[in-house]
Amino acid sequence: MSTNTFRVLFVFLLMAIMANPAIAAEPVKIGALFSITGPPSFLGEPERNTAQMVVDEINKSGGVKGRKIELVVYDTSGDPTKANQAATRLIKEDKVVAIIGPSTTGETMAIIPIIEKAKIPLISCAAGVKITEPVKKWVFKTAQNDALAVARIYEQLKKRRISKVAILTVSDGFGSSGREQLLAQAKNYNIQIISDETYGPKDTDMTAQVTKIRGSQAQALICWGTNPGPAVIARNVKQLDLKIPLYMSHGVSSKKFIDLAGDAAEGIMLPSGRVLVANSLPNSDPQKKALIAYVKNYQKRYKTEGDHFGGHAWDAVMLLKGAIERGGDTPAAIRDQLEKTKGFSGIGGVFSFSPQDHAGLTKDAFVLVEVKKKKWVLAKE
Amino acid sequence: MENSDQILQYILSGLSNGSIYALIGFGFAIIYNATGIINFAQGEFVMLGGMLTIFFLNVFQLPLLTSIALAVGVSTAIGIVFERLAIRPLKNASPLSLVIITIGASILIRGTAMLVWGKDTHALPAFSGNDPLYLMGATMLPQNLWIIALTAVIIMASKLFFHYTIFGKAMRACAFNSQAASLVGISVKTMVLLSFMISSAIGSLAGIIIAPLTMTSYDMGIMLGLKGFCAAIIGGMSSGLGTVIGGLLLGILESLGAGLISSGYKDAIAFIILLIILFLRPEGVFGKKETERV
């Protein structure tokens, strides 16, 4: 009996040794945290799709430095607690060398302590200014700051000599962050915020707020939120026949907004990454080639338009690829190479990191776009 | 600042929203009066109305009216299935258990809608265009007028139904005293089924007429259902004018509050009103009048 058991154990041991994957050509394990379900799914789903698409493309053309990339994706549903658990899992169990995501600022801030402690580089796809200000050694991000978006809008308002502005922001993290920026930067552009209204993320009717704004002296209305709220507001504005220019945030820079708002979307302007107007960019634009390729490939694979949000994941994966190719293998080396990235033409903009700047973009990452005949076009400055 | 214009605008918007709350509250009241339970899945039928119409419109390319009719039909069918499978087998359960079952059903319907149609928001085209109409300094969309008009029609129709048809009177009899009703030969089970059918139909219609303004998604039923419930409580769960006035009052107060006090607290206003009513006058503002609990 015991000889038999010994033999069985021996065979198992042999199998275990043989099942060990070859030491050469080990895949590079990259972790990804996206909110594929939950309220921020409009961010997480295109991000996950894009990341998968880019990784497959890279692997098809030989991988990075001869090694394939293995993407381990966890769905956080926009929940900081889940993000925490998933991040710990990626670091301790899956032993990834870098993490991309999460999709929202709240989740990113929640996992930063784990990231810093484990010394794994993180490239977040969220936009909050707090993520990279103050600079944290291991944390980078690819989504444009909402501070930059506000600056872009205010720049144009100043050029148009508009000084009295009404703002209508959603009462969630994105909206309050935008509101903070709108209030903080106003005086730099000689702008006075004469009406500061809010609405709830699930509200279906904002005519009360728009009525109040209609009765005020506002010369322009800036609305800060993500779908569907701004679409309802656009309709309410048309219904109440409010004639002042209407600006939105980059939170609705997708075709979905035009679909929802219908005729009411005409003439609305907002700051957006260049991906929405890829075809109408001048050929001298360094991002044009990458943008058009991205839109085409996303359309082919997922049968829908690649948008601004998926672009954040594209940038994150490609930045990592660049860093690994330039000599990073270990998490620390990848981090160092990331920090040295200069002039990388991504979907969100042209990135240049430095020890003091882990966000890498300037306000030129945004262009002002306008809805004309149900399509996004570059707005005339 | 043209203050009076603004107030008129708030009131008109409030009337439009209030009509929807009134319709939904109606659905709550009808089922409550027939069975003694609060059907918390009522909001989901509102959602189903809008989503199904969009589904038939976009996927099968049917004309608007056909889509609406089909959507109401399917919602009613779902209401029947719900009643048969979840309510009828448990006739002797306590009302509390039945309420919890309706909450469970609402989660089920919402989850299924999310799986079938995704989490996206969808827009329904307005019934007669998007150009605003001007009324004494305030503006309304044609859709707002549709909402108010259709609500009035539905309320009047149900008034006629409940008071002048045999089925309506039978339902009122059940609400009054189900044992006595069954003794005189009224099938209480059928009346309960009928109440669910009417509630689902009215609920889905409410969802359809508001969808062009608010757009629909799989979870629009939650808030609307709760506010409709508030309207019904304010009206004392009456199947008549009480709930209608409750709904309109709620809509107007909400709109005035958001415009004059603070827009951030819009939802809070509805629930504050509910709490005040429950503390001060739990039988509803019109409770006393409706001793017959129709």
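# A tour of chains A and B

In chain B, the C-alpha centres of domain 1 and domain 2 lie 19 Å apart. The model is a predicted one, in which local features need pLDDT of at least 70, side-chain atom pairs count only at pLDDT 80 or more, and totals for chains, interfaces and linings use all residues. Residues are numbered from 1 along each chain as its sequence is written, while chains are lettered from A and ligands numbered from 1 in the order in which they are written.

## Stop 1: the two domains of chain B

Select residues 29–131 together with 146–218 of chain B for domain 1, and 220–294 for domain 2; these bounds come from an automatic or database domain assignment. Across the boundary, 19 residues of domain 1 of chain B are in contact with 17 residues of domain 2 of chain B, two residues being in contact if their C-beta atoms, placed from the backbone, lie within 7 Å. On the domain 1 side of this boundary in chain B, H1, H2, H5 and H6 each supply at least two residues. The largest share of that side, 5 residues, comes from H2(B). Coloured by class, the domain 1 side that touches domain 2 of chain B shows 10 nonpolar, 5 polar and 4 charged residues. In this scheme Ala, Val, Leu, Ile, Met, Phe, Trp, Tyr, Cys and Pro count as nonpolar, Asp, Glu, Lys and Arg as charged, and the others, Gly among them, as polar.

## Stop 2: chain B as a whole

Switch to a cartoon of chain B, which has 11 helices and 2 strands. Helices (H or I, at least four residues) and strands (E, at least two) are DSSP runs, numbered from the N terminus. The order along the sequence is α-α-α-α-β-β-α-α-α-α-α-α-α. The radius of gyration of chain B, 19 Å, is close to the 19 Å given by the globule rule for 294 residues, so the chain is as compact as a globular protein of that length. This radius is taken over C-alpha atoms, and the rule is 2.2 Å times the number of residues to the power 0.38. Along the principal axes, the C-alpha atoms of chain B fill a box of roughly 65 × 50 × 35 Å.

The mean for chain B is 85, with 96% of its residues at 70 or more. Within chain B, confidence is lowest in strand S1 (residues 133–135), at a mean of 79, and highest in helix H2 (residues 42–59), at 91.

## Stop 3: helix H6 of chain B

Select residues 166–176 of chain B, helix H6, where the buried residues are B:Ala170, B:Met171, B:Cys174 and B:Ala175. They cover an arc of only 140 degrees around the axis, which puts them on the same side of H6(B); the arc is that of the directions from the helix axis to the C-beta atoms. A residue is buried if 20 or more other C-beta atoms lie within 10 Å of its own, exposed if 12 or fewer, and partly exposed in between, with C-beta atoms placed from the backbone.

## Stop 4: the contact between the chains

Show both chains: 28 residues from chain A and 26 residues from chain B form the contact. On the chain A side, strand S7 (192–199), helix H7 (207–214), helix H8 (229–239) and helix H9 (255–261) each supply at least two residues. H7(A) gives the most to this side, with 5 residues. The residues of chain A that touch chain B divide into 7 nonpolar, 12 polar and 9 charged. For the complex, the predictor gives an ipTM of 0.72 and a pTM of 0.77.

## Stop 5: chain A and its domains

Now hide chain B. Chain A has 12 helices and 14 strands, and its radius of gyration, 23 Å, agrees with the value near 21 Å that a compact globule of 381 residues would have. Its C-alpha atoms fill a box of roughly 90 × 45 × 40 Å along the principal axes. Select 28–144 with 289–363 for domain 1 of chain A, and 147–272 for domain 2. Their C-alpha centres are 29 Å apart. Here, 12 residues of domain 1 of chain A are in contact with 14 residues of domain 2 of chain A. The domain 1 side of this boundary in chain A comprises 3 nonpolar, 6 polar and 3 charged residues.

## Stop 6: A:Ile120

Finally, centre on A:Ile120, in the loop between helix H4 (105–118) and strand S4 (122–124) of chain A. A:Ile120 counts as buried because it has 22 C-beta neighbours inside 10 Å. Leaving aside residues up to four places away in sequence, A:Ile120 touches A:Ile91, A:Val96, A:Ala98, A:Ile99, A:Ile115, A:Trp138 and A:Pro331.

Conventions:
pLDDT is the predictor's confidence in each residue, from 0 to 100.
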